[in-house]
Structure formats: structure tokens, C-alpha cells
Amino acid sequence: MTTPAVRAFTRLIDDPYEALKEVIDEVRAQYPSYAPVTDALLASSFDQNMRMSRECVLAGSPPDADTMTNYAQISRARLDSGVPVEDLMASFRFSMGRIADHLDRLMKEERATTEERLDAYRKIWMVSDAYTTSLVNEYRHHALQVAADDYRFQVDLFRALAERGPKPNPLDETSTRGLLSLRLTYRGFVAKREDGQLGQDHQLRESISKLIGPGQGLCVVQHGRVEGVVGRRFTAPPGASVSFGELAPVPELHNSIALARAVADTSPARHPGTHTLSDVSWRIAARACLRIDARVS
């Protein structure tokens with residue numbers, strides 16, 4: 001003899017229209033980030049939530065860890081399409097709430113006892129919590145991978161700008177991933193810690209990235225120091241020295257980066273603060289003369 005929970009879930013799975021419509025309506029009304037996600041994909045996610053709920057209610061515990069991880073990995077497509085993890089979790093919990101409410105109504109119609117209904121409700125939220133944990137772990141892996149890919153791109157872009165400028169076919173807006181605009185000018189910069197402490201270069205890069213702001217430039221770790229390009233000068237972080245080149249359009253940034261490196265190699269730039277060509281111009285000229293003399297001799 002089947003239990004009220006089995007009969008209620010069978011009815012809900014056979015006719016999920018009302019619950020699914022509530023979920024889709026909520027997502028469309030509350031989460032603009034879901035615009036790229038089709039109704040068909042939302043329905044597929046809802047079906048997955050139903051399966052998780054049914055397994056937990058009937059088996060008495062959530063699916064095993066590997067199964068939950070597989071379920072969470074399916075949601076990665078939402079993260080890749082730009083849905084924030086906060087929206088993903090909020091919409092998921094709304095979906096589980098709709099399933100719990102509709103299941104409770106159907107179990108009541110199937111003459112389930114109050115204890116059976118409360119037990120089913122509790123187990124649905126049990127699997128919801130387990131899935132949320134798996135989703136958080138998946139998001140962490142996703143965020144680390146995105147950050148690593150983004151940093152590799154920044155390194156490649158900076159090297160192209162610094163070593164030879166853009167290739168014969170000019171960079172376009174898409175190829176800079178929003179880091180630079182071909183309509184604006186930028187200046188190269190070099191940053192390093194006053195104490196020269198090893199292992200702190202990535203920490204310095206993180207501090208400077210926050211000062212630059214999104215879409216205003218880029219910075220990478222090169223040769224034991226932080227280098228990059230920025231639209232406007234910023235104040236050096238405490239204990240750091242930052243040397244700037246002159247403003248230049250994107251195709252000519254290699255000159256500005258070279259100038260920033262030259263400024264950074266002078267003795268004044270060993271002290272904390274910001275440094276520019278106007279501060280150290282005669283030292284750069286002297287260094288250039290020394291290089292010429294060395295080649296002649």
C-alpha cells in the first residue's frame with residue numbers, strides 16, 4: 001500500500017503546472033539577471049528540485065554527496081550566463097518552498113496525518129540546505145576558475161601592450177573585455193613595496209585593483225612588482241611606491257609603460273608615494289646617457 005507522500009508526489013510530478021508557473025512568474029518578476037535563461041531551462045531546474053525533494057522525503061535523507069554535487073554542477077550554466085549566486089540561491093529556495101506548499105496540500109488531500117505532513121515538510125528543507133551547501137562549494141570553484149582565467153587574460157593583454165603595442169589589426173572593444181576603451185587614454189604604472197618584501201606582490205596588486213576600479217585599467221604582477229595601465233593616477237597604498245608614465249592612447253601605451261618603468265628605476269622612486277617624469281626627468285636622461293656611453297666604449 002502506497003503512503004500519502006508517495007501518492008502526493010506522484011500527483012505533483014504528473015501535474016506540476018501550477019507550481020512551475022508560480023516559480024517562473026516569480027523569477028521573471030524578481031530577477032532580471034535570469035533574462036538569458038529560458039523557460040525550458042527553468043522547468044528543467046524545477047524538475048531537478050522535485051526529484052531531490054522526492055528522494056529525500058521517501059528515503060528519509062538527502063541524496064549522497066556525489067549526487068548533490070552533480071546537481072549543483074548543473075546550475076553552473078546559470079553562473080556562466082551571468083546569474084549572480086545570490087539570485088540563484090534565492091530563486092532555488094522559492095522553488096523549494098512552492099514544492100513544499102503544494103506537496104503539503106496534496107498530502108492533506110491524501111489524508112496524511114499531521115505528523116506525516118510535518119515530516120515531509122522538514123525533509124524538503126533538509127535537502128534544500130544540503131543542496132545550498134553543494135551550490136556554495138560549486139560557486140567557489142567557479143569563482144576561482146573565473147578569476148584565474150581573467151588574470152591570465154590581463155597578463156596576456158598587458159604584455160601585448162607593453163612589448164609591442166597592439167598587433168597590426170587594432171584591438172577592438174570586445175578584445176579588451178571591458179578593461180580598456182579605445183576611445184580613452186591611459187598611462188602605464190609600476191608599483192612596488194618600499195621594503196621589497198617577497199611574497200607581497202599579489203597582495204599589493206589586489207589593493208591597487210580596488211583603487212583602479214572596474215573598467216578603468218588593469219594590473220598584473222611582473223618581475224616581482226606590480227605593473228599595469230590606468231585611466232587616472234591614484235594615491236599609492238601605504239608603504240608602496242607607484243611610478244606613472246604619461247597619458248597615451250591604447251596603441252601607444254608601450255611608450256607610457258616604458259616611461260613608468262624608467263621612473264620606477266630611479267632612486268626617488270624607491271621611497272613611498274607617487275612619482276612621475278616631472279619628479280625624476282634629469283635622472284632618466286642621465287641613465288640614458290650612461291647607456292649610450294657604454295655602447296660606444
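A salt bridge is a side-chain nitrogen of Lys or Arg within 4 Å of a carboxyl oxygen of Asp or Glu, and a search of the whole structure finds 17 of these salt bridges. The structure is a predicted model, in which local features need pLDDT of at least 70 and side-chain atom pairs count only at pLDDT 80 or more, while totals for chains, interfaces and linings use all residues. Residues are numbered from 1 along each chain as its sequence is written, and side-chain values use heavy atoms, with hydrogens and water left out.

**View 1. R28 and D39 form a salt bridge.** The N to O distance between these side chains is 2.7 Å. Because R28 lies in helix α2 (residues 17-30) and D39 in helix α3 (residues 39-59), the pair ties together parts that are 11 residues apart in sequence; helices (H or I, at least four residues) and strands (E, at least two) are DSSP runs, numbered from the N terminus.

**View 2. E227 and R261 meet in a salt bridge.** Here the N to O distance is 2.9 Å, and the pair links distant parts of the chain, with E227 in strand β3 (residues 225-230) and R261 in helix α9 (residues 253-264), 34 residues apart. E227 is buried, with a relative accessible area of 1%, whereas R261 is partly exposed at 25% (buried means under 20% relative accessible area, exposed over 50%, and partly exposed in between, with a 1.4 Å probe and protein chains only).

**View 3. Salt bridges link several residues in a network.** The residues linked in this network are R7, R11, R105, E109 and E110.
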